[in-house]
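Work through these exercises with the model open beside you. Try each task before you read its solution.

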Amino acid sequence: MNSIIFKYSFLCFSIFLFIILLHHSDTISQTVLSLTHPIPIYYSTWHKCVQRQLLNTNETPETFWKNFVKRSRECDKSSNIWENMRVIALKNQDEMKYAVLPVKKSSNNVFVTLGIGQDITAEEAFQKEMTKINQNVTFYGADPIVEGNSEKYSTIGKFFPFAIGAEAGFSIASVLQDGDYKDVSVVHVDIYYFLSQVLKENKIDYLWMDTEFAEYELFNIFYKNEKLSRMDIAFCQMSLEVHNPSLEQKKKFKDFIEKLIEENVYGFFFAEDVSHIRLWLFNFGTVFKFSVCINRAHFFAMNMTTMAPIGRKHPKMWQWYHIELNDVILFQEWKVQDSGTMIWSCFVVGFAGILLEFLKYSGWAVSEKILPAEKRTKYGGILVPSDSRFWTNHIIQSFYHFWQTLLAFLLMNIYMTFNIYICLSVCLGLAIGHFFFGSRVH
């Protein structure tokens, strides 16, 4: 009795696990891929360019600031950032913002504006673009000037009446009032507390920051192993304004850019000089994993030749055995174009082979249990029971036959990818299953 219960439990669990693995095979493979940290080809091209142009230049901070925009733009152009990342421009009243829209459905996209400046034109444009593609966005905005900002931002999201800085406290800040910038006393909330305790968000899809000189103390939020990274808080896309600095601040800016290049986490693009410098940043680094910026922002429907291995190649319909990682298994979403997906696919396929052998054995075992040999008679070459249990057995065997046939045809279709790794996994799974369940001895 215990043996029968175990076998049925194993059967139910196996079918359930197989369905789950099939359903989540793409997600699992993406998680494995995140460990290998693939980088888009165009980003590598861009990074090499900024290394040549901006790293170890031995220039003074003043000269570096003066030449930065031109050199940065040259690297954007050489790597064709605009086309490769499929960036859209969103116009504010006096500036241009940038964003990459999601390609797949996300449960929620988090958007944070630090420094509203009584202008949400670009945020509204972004919201319209996201609505067109049926994406949900949660907006959070903070600005120490309540008048004008609260009323406007509350139409799209939640407004917070304080400034954001590196530390909490009370200070003098330059803010926009009555069309002009004025120095006023404001309350600062530190960005770490704001994100983790007030918003309770640790993955920010879009961050637009115009904090009127407070940005210089916030540069370290982009660095590896700093406080924000240790708190597991990450940004995917960010618009940053670096205001016309003093000599000391220009040195901080130079150190900031060099640090970004050395750490190879954030890319900075579309630099613009309008007395201060505007930048758009994207996270390509260690926190740029499928679970953060790819799956959460699903960031680009890439040109098929611009990314490796994240960017997908066109799958082929093979007619011969091969080892190239470029197959589709059963479903359009189950693409095998990298080693991570292949490893998981082989496990899933091998498990399916074991499951098929178990179904065969289980059907036989149930039949033996219901119809002992001594209660059968021969009729036309078919074993017919001598009592009313015939229909019980026949229905159960038909149930097993359905699942065996379905799984066998699925394995046949999987084998016909002609990928040697997949084919061997099918055979190995069937062999292992036969070893454990092939016996028909009582």
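This is a predicted model, in which local features need pLDDT of at least 70, side-chain atom pairs count only at pLDDT 80 or more, and totals for chains, interfaces and linings use all residues. Residues are numbered from 1 along each chain as its sequence is written, and side-chain values use heavy atoms, with hydrogens and water left out.

**Exercise 1. Strand pairing**

Task: How do strands β2 and β3 run, and how many bridges join them?

Solution. 
- Start with the terms. Helices (H or I, at least four residues) and strands (E, at least two) are DSSP runs, numbered from the N terminus. Two strands pair if DSSP finds at least two bridges between them.
- Find β2 at residues 88–91 and β3 at residues 96–99. They run antiparallel, with four bridges.
- Four residues form the hairpin link from β2 to β3.

**Exercise 2. A crossover**

Task: Which hand does the β-α-β unit of β4, helix α6 and β5 have?

Solution. 
- Take β4 (residues 109–114) and β5 (residues 137–142). They are parallel and share six bridges.
- Phe111 has Phe139 of β5 as its bridge partner.
- The unit is right-handed: with the strands pointing away from the viewer, the path from the first strand over the helix to the second runs clockwise.

**Exercise 3. Aromatic pairs**

Task: Is the ring pair of Tyr43 and Phe284 stacked or edge-to-face?

Solution. 
- Apply the cut-offs. Rings of Phe, Tyr and Trp (its six-membered ring) pair if their centres lie within 6.5 Å; planes under 30 degrees apart are stacked, over 60 edge-to-face, the rest tilted.
- The structure has 44 aromatic pairs. In one of them, Tyr43 and Phe284 lie 4.2 Å centre to centre with 15 degrees between the planes, and the pair is stacked.
- Tyr43 is in helix α3 (residues 41–54), and Phe284 is in the loop between β13 (277–283) and α11 (290–297), 241 residues apart.
- Both residues are buried (under 20% relative accessible area; exposed is over 50%, partly exposed in between; 1.4 Å probe, protein chains only).
- Compare Phe436 and Phe437. Their centres are 6.5 Å apart and their planes at 50 degrees, so this pair is tilted. Phe436 is exposed at 58% relative accessibility, while Phe437 is buried at 16%.

**Exercise 4. Cysteines**

Task: Which cysteines form a disulfide?

Solution. 
- Cys49 and Cys75 form it, at 2.1 Å S to S.
- Cys49 is in helix α3 and Cys75 in helix α4 (residues 61–78), so the bond ties parts 26 residues apart in sequence.
- The S-S torsion is about -80 degrees, so the disulfide is left-handed. Cys49 and Cys75 are buried.
- Cys423 is buried at 4% relative accessible area, whereas Cys427 is partly exposed at 41%.

Key
Disulfide = S-S within 2.5 Å.
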